[in-house]
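Colleague: Could you take me slowly through the place where the two chains meet, and then through the part of the structure that lies behind it? I am new to reading models of this kind, so please go step by step.

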Amino acid sequence: MQLALEARHGKALQQRFSQAVVAVCGLGGLGSNIAIALARAGLGKLILIDFDRVDITNLHRQQYKASQIGLYKTEALAENLKEISPYIQLECHSERITEENLEELLRGAEIICEAFDDAEAKAMLTNAVLERLPDAYLVAASGMAGLGSGNAIRSRRITKRFYLCGDGHSQVEEGSGLFAPRVMLCGAQQALLVLRLLAGLEEA
Amino acid sequence: MLKINGESLDLAGKSLAEYLAGTDYDPKRIAVERNGEIVPKALYAETLLADGDSIEIVSFVGGG
């Protein structure tokens with residue numbers, strides 16, 4: 001498997017990917033897609049964090065199956081990831097990330113993906129990571145609801161360690177929900193940024 | 001003059017907290033970058049805006 005990935009990515013890059021530790025905070029529409037993309041790329045270890053269980057209302061945009069309803073998202077996603085990348089290391093935490101436990105849960109992660117649904121939780125994680133984990137990169141997301149053009153889902157650098165994906169304004173509200181392809185585009189932008197950071201392709 | 005989210009404003013001497021209080025931003029949903037560094041939330045009141053500052057306020061919206 002490693003050789004197959006080395007043949008496609010080049011040996012040096014694949015070795016970098018296989019040594020990487022990346023945290024995914026929130027395993028919904030963004031996080032489940034980010035984790036799958038990173039597992040396919042042959043990342044070494046993912047830290048998966050979500051307190052929630054798979055619900056029937058998640059299946060329209062999140063990478064779970066009807067047979068997984070009721071499982072913790074961490075468990076369900078771990079099953080799916082192991083079928084894609086059997087040798088990936090997974091560290092699962094089925095609990096809510098708070099200002100108190102965040103440093104412990106994210107220990108060892110060089111890149112942290114913010115993939116929450118709630119705006120206040122997004123801001124909390126962003127501020128806490130940037131204030132308290134000075135060596136980590138944060139790749140966050142804001143604005144991917146509705147059926148606006150996918151071309152508006154972009155990624156940009158806010159600070160040296162803080163990247164933001166999304167259109168910046170499309171929020172979930174009455175009559176404007178989340179649609180799989182637009183959420184996937186945003187999650188894909190986040191996963192691609194992770195790979196670009198690991199490859200040293202982003203501005204230092 | 002200083003820039004906030006690309007707009008030139010004459011706010012030198014005001015604190016970041018004072019500026020935010022006069023806007024529609026929800027303090028629980030934002031992160032503030034000033035000249036390439038995040039401003040810790042606890043320091044909004046004592047962070048004085050200065051001429052030449054470049055500030056970006058990221059206001060998160062729900063969905064994920």
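Modeller: Across the interface of chain B and chain A there is 1 salt bridge, and please keep in mind throughout that this is a predicted model. That salt bridge joins the side chains of A:Arg156 and B:Glu56, with a distance of 2.8 Å from N to O. Counting polar contacts instead, we find 9 residue pairs between chain B and chain A, with both partners at pLDDT 80 or more. On the side of chain B that touches chain A, the elements that give two or more residues are strand 3 (30-34), strand 4 (37-38) and strand 5 (54-59) of chain B. The residues on this side of chain B divide into 9 nonpolar, 5 polar and 7 charged.

Turning to the extent of the interface, the contact takes 21 residues from chain B and 32 residues from chain A. Between them the two chains bury about 1,900 Å², and 61% of this is on carbon and sulfur atoms. Of the area that chain B buries against chain A, B:Phe60, B:Val61 and B:Gly64 supply 36%, which is more than any other three residues.

Now let us follow one residue of chain A. A:Leu130 lies in helix 6 (residues 119-132) of chain A, and A:Leu130 counts as buried because its relative accessible area is 5%, where the cut-off for buried is under 20%. Leaving aside neighbours within four places in sequence, A:Leu130 is in contact with A:Leu138, A:Arg161, A:Phe162 and, from chain B, B:Ile38. A:Leu130 and A:Thr159 are 29 residues apart in sequence, and their C-alpha atoms are 9.7 Å apart in space.

One of the contacts of A:Leu130 is A:Arg161, whose place is in the loop between strand 6 (154-159) and strand 7 (162-166) of chain A. A:Arg161 is buried yet has no salt bridge, and the nearest side chain of opposite charge, that of B:Glu37, is 6.0 Å away. The side chain of A:Arg161 does, however, have a polar atom 2.9 Å from the backbone oxygen of A:Leu130, and the backbone oxygen of A:Pro134 lies 3.3 Å from a polar atom of that side chain. Beyond its neighbours within four places in sequence, A:Arg161 is in contact with several residues of chain A, including A:Val129, A:Leu133, A:Asp135, A:Ala136, A:Tyr137 and A:Leu138.

Definitions and conventions:
Residues numbered from 1 in each chain as written. Chains lettered and ligands numbered in written order. Predicted model: local features only at pLDDT ≥ 70, side-chain atom pairs only at ≥ 80, totals over all residues. Heavy atoms only, no water. Contact = heavy atoms within 4.5 Å. Buried area = accessible area lost by both parts, 1.4 Å probe. Salt bridge = Lys/Arg side-chain N within 4 Å of Asp/Glu carboxyl O. Polar contact = N/O pair within 3.5 Å; in protein donor to acceptor, adjacent residues only side chain to side chain. Helix = DSSP H or I, 4+ residues; strand = E, 2+ residues; numbered from the N terminus. Nonpolar A, V, L, I, M, F, W, Y, C, P; charged D, E, K, R; others polar. Buried < 20%, exposed > 50% of the residue type's maximum accessible area, 1.4 Å probe, protein only. Lys, Arg positive; Asp, Glu negative; His and termini not counted.
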